[in-house]
Amino acid sequence: MNPYRKDFPILDAAVKGRPLVYLDNAATMQMPKQVMEAMMNQQSCFHSNVHRGIHSLSELSTRRMEEAREHIAGFIGAESASEIIFTSGTTAGINMAARSFIDTFLQPGEEIISTQMEHHSNYLPWRETSPEKQGVFLSCPIDRNGDLDMDAFSSLLSPRTLIVAVTYVSNVTGAVNPVKEIIKKAHIAGAAVLLDCAQAMRHEKIDVRDLDCDFCVFSGHKIGGPTGTGILYGKSEMLELMKPVLYGGGTVREVTDRVTAYEDVPYRFEAGTPNITGIIGLDAAVSYLENTGIENISETEKELLSLTEEILAASDRVNILGKPKERAGAISFTVDGLGSFDVAKLLDTQGIAVRSGHHCAMPLHQAYGIDGSVRISPAFYNTPEEIGQFETTMKRILGMQCTMHN
Ligand code: PMP
């Protein structure tokens, strides 16, 4: 029996009269009851605003939020809690980093390198913002296997490169990028690196100091925390120089009719009332990951993913996207003669939840000459039996498709 399932009440749910088989964890991981309880406790016992009141509840809120910051800083190996900015998710974190970094540092003609395998959230913020300062946006291609073309990457790097924005793990093919090598090469060229760790957090032990990335971004809901939470980590020496993006309460030390004196980092980047309940939940999700062990999670998910890959590879009407050197978390495919939405809808009739479409990664799908795919992304609470149910239903779908085509 999988020891983790008891922590996830939703796994007992039924969909279309069948037990839920939830294989859409790259979109959102389910929430363990420990996280729900932490948020319930916050709401029941100390719900109040932070920083602004000197009353006891507010002091407790402030303390708990700052403890969460310390905890998350430790979890990702940051040097100091002041390098941790609370955001509403990966998309918000990358947008904030891109906006502030470009406004602060970009000089006309300087270049930003993103990649063909990025989620739109690590592509568009750079591509749409850089022209405002006459910056140049470049996209590093992938090879047929779905790995980043490292020769192309090396030749794109130049003294003009200001920053490289790259994902650790692809949300479509599950390709794991050689991020240490990327960071080393970028730094030699004098460029900074932002790592999109949205998919990587459950699979890799992230140590930002060991990786030496300049920014690292992730979402709470992909690690069992609530939606609307996330982290932007930035090296202190970077954040200290960077301009705020959102203006308002909580970001300033003093405002006169002429002068604004900003707070220290990270507060100057956290305008307005933060998602306090969410942050308490995110903190509890990090504790859950720590208690479960990233190695255990990663190992279980890799086994389930290999099993899925074997099942898919057994059919000659199924085309798996890429064969990367290392795959984590997700695998995507197309079926000859059937659209990705049709496959996902048919799986749903049996209670099997998967993602279909372009997964917010259109440039990657364009590289394969397709407009969408079906994605399977098991989590550590899934079981080989559930993958077996997926196999049985896929066989039926493929059988139907054969009949339809004969
Ligand atoms: N980057 C990657 C690699 C992702 O997988 C996702 C979510 N699918 C995002 C960014 C965006 O995350 P969010 O929607 O939580 O902002």
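This is a predicted model: local features need pLDDT of at least 70, side-chain atom pairs count only at pLDDT 80 or more; totals for chains, interfaces and linings use all residues.
**Exercise 1: Two helices**

Find how helix 2 and helix 9 cross, and which residues meet there.

*Solution.* Start by locating the pair: helix 2 covers residues 56-75 and helix 9 covers residues 276-292. Next, look at their axes, which come within 9 Å and cross at roughly 35°. The crossing of helix 2 past helix 9 is left-handed. Now pick out the side of helix 2, where Ser61, Arg64, Met65, Ala68, His71, Ile72 and Phe75 take part. Their counterparts in helix 9 include Ile276, Ile279, Asp283, Val286 and Glu290. Finally, sort the contact by class: it has 10 nonpolar, three polar and three charged residues.

**Exercise 2: A strand and its surroundings**

Is strand 9 largely enclosed by the rest of the structure or left open, and why?

*Solution.* First, go to residues 215-219, which form strand 9. Then see which way they point: Phe215, Val217 and Ser219 face one way, while Cys216 and Phe218 face the other way. Residues on both sides are buried, which here means under 20% relative accessible area. Because five of the five residues are buried, strand 9 is largely enclosed by the rest of the structure.

**Exercise 3: The partners of strand 9**

Work out how strand 9 pairs with strand 8 and with strand 10.

*Solution.* Take strand 8 (residues 192-196) to begin with: it runs parallel to strand 9, and three bridges join them. One place to look is Leu194, whose bridge partner in strand 9 is Phe215. Now turn to strand 10 (residues 230-234), which pairs with strand 9 in the antiparallel sense over five bridges. Here Val217 has Leu232 of strand 10 as its bridge partner.

Methods
Residues are numbered from 1 along each chain as its sequence is written. Side-chain values use heavy atoms; hydrogens and water are left out. Axes are lines fitted to C-alpha atoms, for helices over the stretch in contact, and angles run from 0 to 180 degrees between N-to-C directions. Helices (H or I, at least four residues) and strands (E, at least two) are DSSP runs, numbered from the N terminus. A crossing is left-handed if the near helix is turned anticlockwise from the far one by less than a right angle, and right-handed if clockwise. Contact means heavy atoms within 4.5 Å. Ala, Val, Leu, Ile, Met, Phe, Trp, Tyr, Cys and Pro count as nonpolar, Asp, Glu, Lys and Arg as charged, and the others, Gly among them, as polar. Buried means under 20% relative accessible area, exposed over 50%, partly exposed in between (1.4 Å probe, protein chains only). Two strands pair if DSSP finds at least two bridges between them.
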